[in-house]
Each structure stands twice: as structure tokens, then as C-alpha cells.
Amino acid sequence: MSRRSGILEFAVLGLLRESPMHGYELRKRLNTSLGVFRAFSYGTLYPCLKTLVANGWLIEEPGSESEAVPLTGRRAKIVYRLTAEGKEHFEQLLSQTGPDAYEDETFAARFAFFGQTSRDVRMRVLEGRRSRLEERLEKMRASLARTRERLDDYTLELQRHGMESVEREVRWLNELIESERAGRDLKGPASGDPASRDTTSGASGVLPRPGDDPRPDTPDDTAT
């Protein structure tokens, strides 16, 4: 399984733990709540759903009769529901704190489900992410010191921008870790919310605000 497909499975299980959904609802939530999934298609989601069903972590149920369209012959959308085994599997994934939990490709998805994660696990993931970024920052500074004289002004400015973005995320992580140590939970968006952070440099791990994707969603999954 690729890392990206693993992240998608994790996110789908997490969203369905909140409530059953059909495919279009899932895609919309993934697009608007998790920035790492902004550019993915039904062709990616449905094989994932089928795999989760085959593993016994989800079950398919017919949607309500009101969703069917008799005149066109369309049947109601399929609703996906988390099974007890799926919930247990998601909780196992949620408890993992190894390097994969704080890599660029996975940290945003993990952070999105921090509300369902125990405090000790949140702390380990945040501290791991901070350590990873501090290592990256040290390497960036060393590289810039070695190559500064050979870079033109625009390339130099781009490198500085990247470093500043990583520095901002480290400061944000420090704030979160301090809050966790003090026993404070995040209750809603605030100035320290990753949604307010700069995302242009590739210092990933930031989350978009729900609903800020300007592209319209076109419900083309009539059967699911």
C-alpha cells in the first residue's frame, strides 16, 4: 500500500466514525476539510472504499428512498457505515506515533483527527513533527550558508521564504505543545490555527478552513 492510499484510508475511516456517509459526501468532506486531498477523484476514492469493505471495516447500505430518481431509473446512493472492526482498526491507527505520523504527507490528516486522539499521543506526534522540522531547518540554514554567494537574488529570496515558513510552523507547534502540557484543548479556530499559516513554501502540515476550496463540487456519483 502506498503512503498516500494509507492516508486516504485513515481519513475515510475517521470521517465515517463521525457518521455514515455516501461517496459524494465523503469526497466533499475530504476536499474541504483536508487539504492533502484537494486534488483527488472518485477514481481514487471508490477503490479505497471497496478495499475497506472487503477488509470488513465498512459495510454498504442502501440510501433512503428519497434519494432515488424513479423517472430516470437511478437508484439511491450507497451509504458507507463503519463496522466495529473498522472502528477498532481506526483507533489502532490513531494511536500510532512513529515517523509516518509526522511526515509532510500525513501530519495534516493526523492533526485533523486530534479531537479523537488521546493527549499523550497528540504530544508525541506534535513533538515528533517539531523535531523533524527543526532538523530540516538546520539543514536549510547550513545549505544556505554554503551556497549564499552563488545564488542570485531571486533564488536566495525563495530559500529565505522557505526557511521562514518552516520557522513559523515550528513556532506554531511550540504553542500547541505548550497548550497540551498545560492541559488546554483547542476548542475552535484561533490565530494559531494552521488554517491561518502560510502554505506556499511546502512546509506542509497545515489545514485549510472547511469550505475554502473555490472549485465547485459536481455530484456525478449517482449510484454511490
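Rings of Phe, Tyr and Trp (its six-membered ring) pair if their centres lie within 6.5 Å; planes under 30 degrees apart count as stacked, over 60 as edge-to-face and the rest as tilted. With that in hand, welcome to the tour. This is a predicted model, where local features need pLDDT of at least 70, side-chain atom pairs count only at pLDDT 80 or more, and totals for chains, interfaces and linings use all residues. Residues are numbered from 1 along each chain as its sequence is written, and side-chain values use heavy atoms, with hydrogens and water left out.

**Stop 1: the rings**

Searching the whole structure gives 7 aromatic pairs. Select F90 and F113: their ring centres are 5.8 Å apart and their planes stand at 80 degrees, so this pair is edge-to-face. F90 sits in helix α4 (residues 84–94) and F113 in the loop between α5 (104–112) and α6 (119–147), 23 residues apart. Helices (H or I, at least four residues) and strands (E, at least two) are DSSP runs, numbered from the N terminus.

F90 is buried, at a relative accessible area of 0%, and F113 is buried at 3%. Buried means under 20% relative accessible area, exposed over 50%, partly exposed in between (1.4 Å probe, protein chains only).

**Stop 2: a cluster**

Now select F107, F111, F114 and W172, which form one aromatic cluster.

**Stop 3: the sheet**

Next, pick out the open sheet of 3 strands, in the order β1-β3-β2 with antiparallel pairing. Its edge strands, β1 (21–22) and β2 (58–62), each pair on one side only. Strands pair if DSSP finds at least two bridges between them; β2 and β3 (residues 78–82) have 5. Finish at L58, which stands opposite L82 in β3.
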